[in-house]
Structures are given as C-alpha cells and as structure tokens.
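This report covers a sheet and a helix. The sequence and the structure come first.

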Amino acid sequence: MSANPVVDPSTQTVSPAAVYPGALDPTHAAPVLPTGFEAQADELVSHYPVSKRSASLPLLHLWQETFGYISPEGIEWIAARLGLQPINILELVTFYPMFRQHPAGKIQIKVCRTLSCAMAGSYALCDHLREKCGVGEPDAHGLALSPDGKYSVEFVECIASCGTAPVIMIDDDFHENVTLPRADELLRQYS
Ligand code: FES
C-alpha cells in the first residue's frame, strides 16, 4: 500500500481502496481529511521510528480532535497508516474512556464526578441534566446523547476547580457551584 493514500490533494479525498483494504462496501464514502491532517499524522508517526504502533494513541487523539469522535473509518485509516489490523486500534478505543465512538451533541455538557464534586452533588446534578436534556442511556464511554443530537451529557474527571464544586463545562465554558436551579438557567441560556 502507498505510504500516502491521498489521491486528490485539492480536496484531500482518500480513495476507499487505499484506506479500507478489504472494505466490505467499496462505495462507502471515504473520510475527507482536512488540509494538513496527513502532515500532522506523519509528524506524529515520525516520533516513533522504532515502532510505528506506538503512534496509535497520538493518531487517535488527532482523529478525535479533528472529527469529534473515532468513527469506524478512523479506526480503519489509522490501522492502515500504521500497518496494523483495525482490531489493534479498536481495542485501544474501547479500552481508553477518553475516546468516543459516537459524535457528541452540538451542546456538550461535562459534569465533574471526582471527589469534591461528587460530595457536592454532581451525580444528582448529572441525573438532572440528563433528564432535562432528554438524553438516553450513556454508551460504553459514558456519553449520553439526545435523540436529536442537540445535547450530550457525560461525566469527566477533576477539572481543577474543586473549591467551587460542583463544576460543569458547557462547550468551552466553565460553570461553578452549579445547583439544580442554576443548571436549569444554564440550559435555557444554551438552548
Ligand atoms: S473534583 Fe470537581 S473540579 Fe476537582
């Protein structure tokens, strides 16, 4: 297989045949890689000249930062890039809780569940947010998504504001001392 499967540099479209060797569905759309993605991937792989396999986690982080989650296509692409089997990548995705296999909501809510926040009621707060946002059961990675994809709610570990627990993040915004009424207010602001 070519070391560089990009066949159309203007669109960065990757041919399915190059990315998905043995793909069951040859008409399946290949991921469109943003400009510079492959160069970033190459740079990360170059840090591991002895064993490309060691670049698996860095490439997974790059994929998730770029696409928001690790799709089956991402697993195939990374495996092909590193000369591994997709199962080698999938087992990392399922083992490490920081990787998502589904897209998060358009509005992403993260609730700290570490000790200070847990003692200040973050579990009840998370239940409340899940109910208000109408999200379903969390998936294997703890992400609960509303049916319309608008909200996702998930637990995270300490986000470094233990003195103002419970703490949540909505998208990139940080909110402290979040009571249930305050959570309702925030949801109205972000709806
Ligand atoms: S325990 Fe929640 S911010 Fe540290």
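Which residue of β6 stands opposite V111? That residue is I168. The model is a predicted one, and the pair belongs to the contact of β3 with β6 (residues 168-170), where 3 bridges hold the two strands in the antiparallel sense.

**The sheet**

The strands form an open sheet of 5, in the order β4-β5-β3-β6-β7, and the pairing is mixed. At the edges lie β4 (144-145) and β7 (173-175), each of which pairs on one side only. Strands of a sheet pair through backbone hydrogen bonds, and the sense may be parallel or antiparallel.

| Pair | Sense | Bridges | Residues opposite each other |
|---|---|---|---|
| β4 and β5 | antiparallel | 2 bridges | A144 and V153 |
| β3 and β5 | parallel | 6 bridges | I109 and V153 |
| β3 and β6 | antiparallel | 3 bridges | V111 and I168 |

V153 in β5 (residues 151-156) stands opposite A144 and also opposite I109. The latter contact joins β5 to β3 (residues 107-112), which runs parallel to it.

**The helix**

Why is helix α4 (residues 72-82) described as largely enclosed by the rest of the structure? It is described that way because 9 of its 11 residues are buried; a residue counts as buried if 20 or more other C-beta atoms lie within 10 Å of its own. The buried residues are G74, I75, E76, W77, I78, A79, A80, R81 and L82. Just after α4 comes G83, with a positive phi of about 70°.

Methods
Residues are numbered from 1 along each chain as its sequence is written. This is a predicted model: local features need pLDDT of at least 70, side-chain atom pairs count only at pLDDT 80 or more; totals for chains, interfaces and linings use all residues. Two strands pair if DSSP finds at least two bridges between them. Helices (H or I, at least four residues) and strands (E, at least two) are DSSP runs, numbered from the N terminus. A residue is buried if 20 or more other C-beta atoms lie within 10 Å of its own, exposed if 12 or fewer, and partly exposed in between; C-beta atoms are placed from the backbone.
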